[in-house]
Amino acid sequence: MQYAELFCQSNFSFLHGASRPEELVRQAHFLGYSALAITDECSLAGVVRAHSLIKSEQLGIKLIIGSLLRFEDLEVVLICPDHAAYSELCRVISNARRRSSKGSYTLEKWDLMSLRHCFIIWLPAGNKIDGDWGKWLSRYHYARTWIGIQRRLDNQDKRYVAHCEVHAKLWNLPICAVGGVLMHSPTRLRLQHTLTAISHNQAVDQIKSHLLANSERAMRPKVKLEKLFQPSWLDESQRIAKRCAFDLDELRYQYPSELVPAEQTAMQYLRVLVEQGKRLRFPDGVPKEIENTIEKELSLIEELDYPYFFLTIYDIVMFAKSRGILYQGRGSAANSVVCYCLEITAVDPRQVAVLFERFISKERNEPPDIDVDFEHQRREEVIQYIYQKYGRKRAALAATVITYRFKSAVRDIGKALGIAQSQLEYFIKNVNRRDRSLNWQAQIVELGLEPDSMKGQQFIELVNEVMGFPRHLSQHVGGFVISAGPLHDLVPVENAAMAERTVIQWDKDDLESLKLLKVDVLALGMLTAIRKAFDMVMRHTGRALSLADLTRMQDDPDVYRMIQKADTVGVFQIESRAQMSMLPRLKPACYYDLVIQIAIVRPGPIQGDMVHPFLKRRNGEEEIAYPSDDVKAVLERTLGVPIFQEQVIKLAMVAAGFSGGEADQLRRAMASWKKSGELMQFRDKLLKGMAERGYDSAFAKRIFEQICGFGEYGFPESHSASFAVLAYASSWLKYYYPAMFVTALLNSLPMGFYSASQLLQDVQQHQVMVLPVCVNHSEYDHLVCRYQNEWAIRLGFRLIKGFNQKMAARIVSQRPEQGYQRVQCLREAGIDKGTLERLASANALQSFSGDRYSARWQIMNSEANLPLFNGKQLAQVQHTQTPDVFADLIEDYTATGVTLKKHPITLLDEADLLEPFTRMNELAGKTHKSLVTVVGVVTGRQAPGTAAGVTFFTLEDDTGNINVVVWAGTAKAQKQAYLGAKLLRVKGIVEKEGEVIHVIAGRLIDESALLQGFNNKSRHFH
Amino acid sequence: MALWLYLHFPQLQLDSLYHDRSLQQPTIIVAGRGHSVVQLNFEAHQAGIRLDMGLGAAAATCSSLCVHEYDKAQTAQRLVELAQWLYLSTAEIHLSGACGLLLKVSGMLTMYRDITEYWQTIQARLHVQNVCYHFSLGYSPLAAQLLAEAQFDMLCADRERLEYHLGRLPISALALPNKQLQGLVRVGIKSLQALLAIPMLELGKRFDTELVHYVGRLRGKLHHPVTFYQPPEVFERQLTLLYELENLDWVAKPLLKLLIQLEQFLKLRNKLTKSIQFTLVQRDCEALHLDIGSAEGEYRADKWQGLCLLVLERTQLAAPLQSIALSVTEFCEPDEIGSDLFSERCGTMTAAGLVAVLQAKLGTQAVQGIEPRPDARPELATSQCPPLTSRASSTASLRPTPMLRPNLLLPQILPLQQPVTLVHGPERICTGWWDGHEIERDYFIAQDGSKRWLWVFRDRLQHWYLHGVFS
């Protein structure tokens, strides 16, 4: 007997289906079904996964594309016999989805009436209304409609079958057998019940009437099906499946044609553009070998038929260029001379020639990868341009599948099992997912879950099962799919949560599986800052700068000297604490060193324990050796130590014998490691493969650890290369134009790693004067100005929390020549009370109103607003309260987050409230490993996943930032101070490495009581 | 100006948790969305937990922590109890907020020699209650409250001293919205002294009326609204019998006398009651307590008498009866529906009446209602409920099609003994994993040799059972 399942919902019918598409396909194949239709409700989001699995495992089962749709009381499954039907289904789903807000759909009768190609399997409701629908369906879709009979073996089962048979006779419709599958195995019934409870937002035992009474909606063996269904019904299903010939591989991506002038082919046009680019990028003529590279690249592009892809990106970046939006391309294909000529990147090939072997390759069989970063404040302009140019029908964002992660799983499953909310929150807050020594189950048991109780077991089991299940579709950060015809012929489109955004139902892996291209339009804060700094340099010094100019000037040793000192606050990528502690050890001295520097402080190399070997080899303390020539080719540029994701994948191929396809799977598994945990399946293969080829097993294990690390945070060389350009550019600016650079950074906040306060302290330590916000001098943005013949920063109104930009503009435009003299003048200029109060809080009225208290006392007087008093100088009752220094400091922090006056530590010290301690600037004089006590305001608290159990504290005293390292043990023993302190006294040991100084904490003492009311925000764990 | 005494109870709920202080473990009470600590005991404080800490932080600080959720109703109840208790010594008590009592002292001083004696009496009463409290006197209710909440804890009636201490309080002690407080701090007014120093007129120009009003009340210039505590009304009568009764049959008359008194009491107040308590005092023996309930409110003596007699039938005296007491503490409003003159049942007994009679006769537990539940497991598809509360009619709408089920389910599932013919089925039921009573059964309708229609099932092990019989 042959059987084809035509009605099966995966977990992409969110909170309903209880099995993954892959599980369903595997099980159907195992049970010997001839075909399986994945028919999620108004969605095709799960089909590609099923399709890829069948392809990669070469299963002998046919995948049918379909979807369950509901309209009023009618339930039908539409399935696609051919491409035309597929486009029709995509259109129907898109229309229904677009009519409704995210997550729901609204079908209209016309959608169903207009079907011309799809097969319709009608699932009668089993009541009187079926009469009307039977008539309607047989009238409009006679030859394409079947009645799908389900055997649920519930109370109504017999009656339902009889009912269906009556209707089949009545309307002369054929009957087919369908399973209505929701689970690949009956063991998923608990999960299905739990998901139902989650969707009703209640506990399982409160919604019993909505639960399935049995597990008959699991996939059933053929023997059982034969017992339940009449042979003719089973045959009919099989016949329908046979008529379905559509395969997802038929989908072909059509590029938008308007990019190419009418008389040229895409390739010709691309060559013309590259030719133009050459003249621009290499005004002195193109060096021979680069000319060769260009030719190689172009012929490869032609061979693989990718010219449109490059043209699409070229078009977008040209738009950005015309608007003065700074951008930078990255990704493997971006690091090519063609992209340099097309102005997609600013990486000068002469500097990084070594990279070009990894352009798009035939063997890897993957679509070219170019992401373009734009200024974060202006990316929306680019997105709107794309929508305008291609229209909403032809451009949409790729989806991101939001899946259950640990926290959401605990929360939802716990709620469905009726576990108290407070207990769940307690679990979530106290489980440390980074603790590798103890898995979460064990930790939860430690936190009081009874592991032997029924609830406890069910909880653990269900949480494990549901993790990785899709929860809803969200929009990808910036991956656009653009096509020649309407997108909804290719894939269903639905509304995103954000107004005016649409997403397709597939995510980036799905697109990749089907070889569809997407263009990544991403946002990067640093680009905004760099562009603003360029503008400011131009305005104040007349010097024009661009990213390409900076790279063309070649490496500047002074800039690298600054980087080696870890003097990199505010610089792109290499500003984090972990990076800063690595800089003096790695001592980057050229562009490629920066590329390595950026990539090395990542989970991959750290978990693979590759950092120390690399440092040793770089310092010449260890011999550089290669186990074989193949490995040498892969690892030569990183001294034989694998640092980049690409290298690790390549290693799997040359050292462990992975085929191209397997390597590709490995790469994808890495990307979704956290979600699916698929990586483990590669472990044995890798270890075995490497052992067979004679590699050391310890080395192999480290490689696998590294692969897992990349899974947490993949970081390919191609991205690092583009980031290094920005890191260098920002360092260059910091070195040569510190005032402009910091001003630009401040004007681009929020971004990066440091707060305004930290950035300003840093720039002050570099001898740049910072002038306070003043109603008579400031503008909305921070400004660079001359002060005592030096460049200085005048803080702007934007620093004041909650300040209105329009009001700022008004203050500036209405400002009298001699400046405002009274509060009343500002009132008359139309400045509202809230703004006045904010100005007073920021002490920006100081020039005429005295301290904050009296400024506010004047503002608050409501008499002045009465018409009679308008314009009159009012008699002021003297206000007697004056703020003390400490109060001023607190207010500075509350209003602006920044103080230019005395540091709290200075104040406390002057008030003699602190026991003896060492200041940051005195630490350099201490000997390595000596005991020391430091005190500071806690401005940063970081527990990076890359550093097992270590927390980095940043303490700020009046001379600078102190880096404190707290080991897990210390943290555990002194939880209170560790978790809560705002002002911390640390007794510990000085660790010096070159010019970088850490304090390894021994004792933490919480001194926050001294700062009552002190409101400095610190960055907490992220 | 009147003198007030304010009692502030910072941890009422905690105080009522344990009475044995020696056995305490660190305990906290949490409230709000962030589950922040609102009350904590000494042990918890020792462990490093502080007020306003989040639950997460608290739990991280101390591992063996006992956590309770703040219970508003319980706290309120406790406060009323305290008021009731103090009412025996002082007349005018105002329940202030969730955790404070305001006592008007002025009027009471005529009863006591002086303020000290008054306070000693109050203190003695509080001591018995074993609660933590803070107190202060004040010449305005608000002043007394602020000082008490600031833990002034001194019996001082000297106006100047009180004002001096009041002035030293920070602004944050005021029960004003945060915004107002910030407004004050932002012009440098940080203590009450600074606030009270500003002329009302200047304040009025710069702050809204709420603040001005508040300051007025604090100074005692504006009226502070108080409502004094009234003890609840109860009906309590005792009847000493002229001679001891050994037979309960004779008790009907004296009983009726009490019930008629109750009827009059209720009639005057237009109230009904659903339960009455009798105490039968027996010679040299423990008194016998009888609770008699009625499903619907009732005031008529003859109706209550009927129910009483039914209960007395089931009661045995251990010793001769000396006196009878009747007490009623809970009352209810007359039912709006009442009896409808035109409904068919008019004149006959109502369902509730019948239930009351049955319960009086058979005992409360013996009379139960039944209601359907949406559980797929047949033995759990119905459940018992208090009589006449079933929502059967409303839940019926959930099931569009009636299920084929026998009217009579066997109380115990029996192994199937006789040979049967399967007529209809299977209906498969596999569910119930969540409460540990998971079942996996195929149900059939079958007929046995004597043509009885049976409801049988087969379990996973292919054993057959009889579960019900169709009528």
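What follows is a quick chat about helices and sheets.

Me: What should I know before starting?
Reply: This is a predicted model: local features need pLDDT of at least 70, side-chain atom pairs count only at pLDDT 80 or more, and totals for chains, interfaces and linings use all residues. Residues are numbered from 1 along each chain as its sequence is written, with chains lettered from A and ligands numbered from 1 in the order in which they are written.

Me: Why is helix 6 of chain B largely enclosed?
Reply: Eight of its nine residues (141-149) are buried, so the rest of the structure largely encloses helix 6 of chain B. Buried means 20 or more other C-beta atoms within 10 Å of the residue's own, with C-beta atoms placed from the backbone. Helices are DSSP runs of H or I, at least four residues; strands are runs of E, at least two; both are numbered from the N terminus.

Me: Which elements do those buried residues pack against?
Reply: Among them are strand 1 (4-8), strand 7 (134-138) and helix 11 (209-219) of chain B. Contact means C-beta atoms, placed from the backbone, within 7 Å.

Me: And what follows the helix?
Reply: Gln151(B) follows helix 6 of chain B, and its phi is positive, near 65 degrees.

Me: Switching to sheets. What is the strand order in the chain B open sheet?
Reply: The four strands run 8-11-9-10, with antiparallel pairing. Pairing takes at least two DSSP bridges between two strands.

Me: Which strands are at the edges?
Reply: Strand 8 (235-245) and strand 10 (288-298) of chain B, each pairing on one side only.

Me: How many bridges join strand 8 to strand 11 there?
Reply: Seven. Thr240(B) stands opposite Ser323(B) in strand 11 of chain B.

Terms used: A residue is buried if 20 or more other C-beta atoms lie within 10 Å of its own, exposed if 12 or fewer, and partly exposed in between; C-beta atoms are placed from the backbone. Two residues are in contact if their C-beta atoms, placed from the backbone, lie within 7 Å.
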